[in-house]
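Here is a short report to read with the structure open beside you. Follow each part in the 3D view as you go.

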Amino acid sequence: MRSFLTLLFLVPAMFAGAARADVITAHAIAMHGTPKYGPGFQHFDYVNPNAPKGGTLRLHELGGFDNFMPWLPKGTAASGVEGYLYDSLLAPSLDEPFSEYGLLAEKIEYPEDRSWVIFTLRAQARFADGEPVRAEDVAWTFRQLREEGAPFYAYYYGDVEKVEALSERRVKFTFKPGDNRELLMIVGQLPVMPKHYWDDKTFADATLVPPIGSGPYRIKSFKPGKRVVYERRDDYWARDLPVMRGRFNFDRVIYEYYLDETVALEAFKRGDYGWRTETNSKLWATAYTGDAFDSGRLVTEEVSHSNPAGMQGFIFNTRRPLFQDPVLREAIGYAFDFEWSNKNLFYGQYQRTRSYFQNSDLAATGLPDEQELALLEPLRDDLPPRVFTEAYQPPVSDGSGRPRENLRHAQQLLMKAGYKVRDGKLHTADGKPVKFEFLLFRPAFERVVLPFARNLKTLGIDVDVVRVDQSQYVQRLRQYNFDMLIQGWGQSTSPGNEQRGFWSSEAAERESSRNFAGVSNPAVDALVDKVIRAKTREELVTRTRALDRALQWGFYVVPNWYAPKHRFAYRSGLAHAPLPPYVPILGALDLWWDKSAD
């Protein structure tokens, strides 16, 4: 994930220059091994350090926005605020799995037991109003996010015991006892805000007052819900730092908002904006044609990546009494004919997802090995028996669109569990009809969900496919006011604290968490804790695979699909160096530039 993709490592002496034997002093941290770039590096290898500055990058978004506060659990924030307006203590490297380098922080100090960390801020670090970035700004930001921000921050920062401003430029985070090795990196990702700006304002108000940050851009103008323009700051304090060279090259970044994807695509072809990533396989296969592409004015490109695909799926809200039965959840999964969808709807561009950590070495395959069993055996009473005896695999169909064998098997599962069919309708063992609502806000998903609902009708299950606008969808998602919907969980190559917000019993009970499925299982809680406290890469892989098995056999989702590559389309005047292996879905836009600015 974008902010929780990075983790920690113990910097060896060759990079540390430790002041004392028991305290490591470093310019960078990573999860395992040695950081690629030493203290004297000039720029990341994947950037063009001579990229010209200038030009305009025009992007699009669907829906609208009503505030500039992406950290709050209310409203819809404008895109780009955190990435363009705010600097963090550390900056990630995209050609290493999990390394970060000093941005606001010029120095990092921590003991070998990782029980605390001290960041020393750069003397030249400034907010856009000219005020220096101080340790008290860091401490204040942390407290505001944890106390008034979205519930995610309470989980993400849950093992931080306290934060202290030791001096004007030194800030210390002290961690709770345990082996939460990721915490140094997590607090390093903090988007630091100016305390003085908020002294006469209420942080919890989701407003459209442009805030002040320390990042490379400021908000130049906006039209509520329609458009926001970011302007590159000529006085940006960090533009010559190694971690910033070759990045953030456009003078302006503009987000245009559209209510309909079809309208947005036509606007792209017309030239109203100049870059987009495409997640709809049908559009990618059929819609990127015409004079703009034939003439070369617009370009399409596919870029392979090494990012875990995570899990997208039809998610069961297990808070609903109907979906608390795993047998019903498993049976419903047999009604989704992925093979038919891939051939007839997706133009063969996807592969079936079977793991919550798909496209990575973290995915559970085959039967659990000896190391995994050592983790799983003490939790056996709270795990499905098949965790120990079978390798999980989503149903494979004949690709007919009406997978009779799969539906027959689903029917057998249901009848064995006591479900009954009366007058063509499926009923639970206690006589309640099996029917539910499938919530959507993107019309493109209807072509996938409607055949799924049709197959469920064969089992006697009535599904009401309901489409709402984005604001209603977001509100219902935050309040868990749904039966089933399409959502997902992005993953990094080194999962950690964010897993609490995805799967923990505590998160299941807190509104606006990312535990969409309502997972609440002591075994899952224990495995999440094990993942967070892994000390080595080998431990992390083993523990994540064990967690994956518990989630797979919980049947919390009907797994969807993934592609191990990104699909971009853009105007021919834009350029980028070869993109790094861990490029995010938005293409690391800070690495692109406008050739006409040269």
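## Two loop residues with positive phi

D423 sits in the loop between strand 17 (420-422) and strand 18 (425-427). This is a predicted model. The phi of D423 is positive, about 55°, although D423 is not a glycine. Is D423 buried or exposed? Its relative accessibility is 80%, so D423 counts as exposed.

F248 also belongs to a loop, the one between strand 11 (227-232) and strand 12 (252-258). Its phi is near 50°, a positive value in a residue other than glycine. The relative accessibility of F248 is 10%. Buried means under 20%, so F248 counts as buried.

## The nonpolar cores

Nonpolar side chains tend to be buried together in soluble globular proteins. In this model, the largest nonpolar core has 89 residues. Which residues have the most contacts inside it? They are L89, F119, F173 and Y230. Helix 3 (residues 135-148) gives the most to this core, with 6 residues.

Now look at F119. Leaving out residues up to four places away in sequence, F119 touches L89, L90, A105, K107, I108, R169, R170, V171, F173, L184, V187 and G188. Two of these, L89 and F173, are also listed among the residues with the most contacts inside the largest core.

## Helix 19

Helix 19 spans residues 522-532. Its buried residues are A523, V524, L527, V528, V531 and I532. An α-helix has 3.6 residues a turn, so residues three or four places apart point the same way. What do the buried residues of helix 19 pack against? Their partners are helix 12 (370-376), helix 17 (498-503) and helix 20 (537-552).

The N-terminal end of helix 19 has a cap, N521. A side-chain oxygen of N521 lies 2.7 Å from the backbone nitrogen of A523.

## Helix 10 and helix 14

Helix 10 (residues 326-333) packs with helix 14 (residues 404-416). The angle is about 170°, and the axes are 8 Å apart. Angles over 145 degrees count as roughly antiparallel. Helix 10 and helix 14 are therefore roughly antiparallel to each other. Their crossing is left-handed.

Which residues meet here? From helix 10 come V327, L328, E330 and A331. From helix 14 come A410, L413 and L414.

Notes:
Residues numbered from 1 in each chain as written. Predicted model: local features only at pLDDT ≥ 70, side-chain atom pairs only at ≥ 80, totals over all residues. Heavy atoms only, no water. Core = buried A, V, L, I, M, F, W, Y, C linked by side-chain atoms within 4.5 Å. Buried < 20%, exposed > 50% of the residue type's maximum accessible area, 1.4 Å probe, protein only. Helix = DSSP H or I, 4+ residues; strand = E, 2+ residues; numbered from the N terminus. Contact = heavy atoms within 4.5 Å. Polar contact = N/O pair within 3.5 Å; in protein donor to acceptor, adjacent residues only side chain to side chain. Axes fitted to C-alpha atoms, helices over the stretch in contact; angles between N-to-C directions. Parallel < 35°, antiparallel > 145°, perpendicular 65-115°, else oblique. Left-handed = near helix turned anticlockwise from the far one by under 90°.
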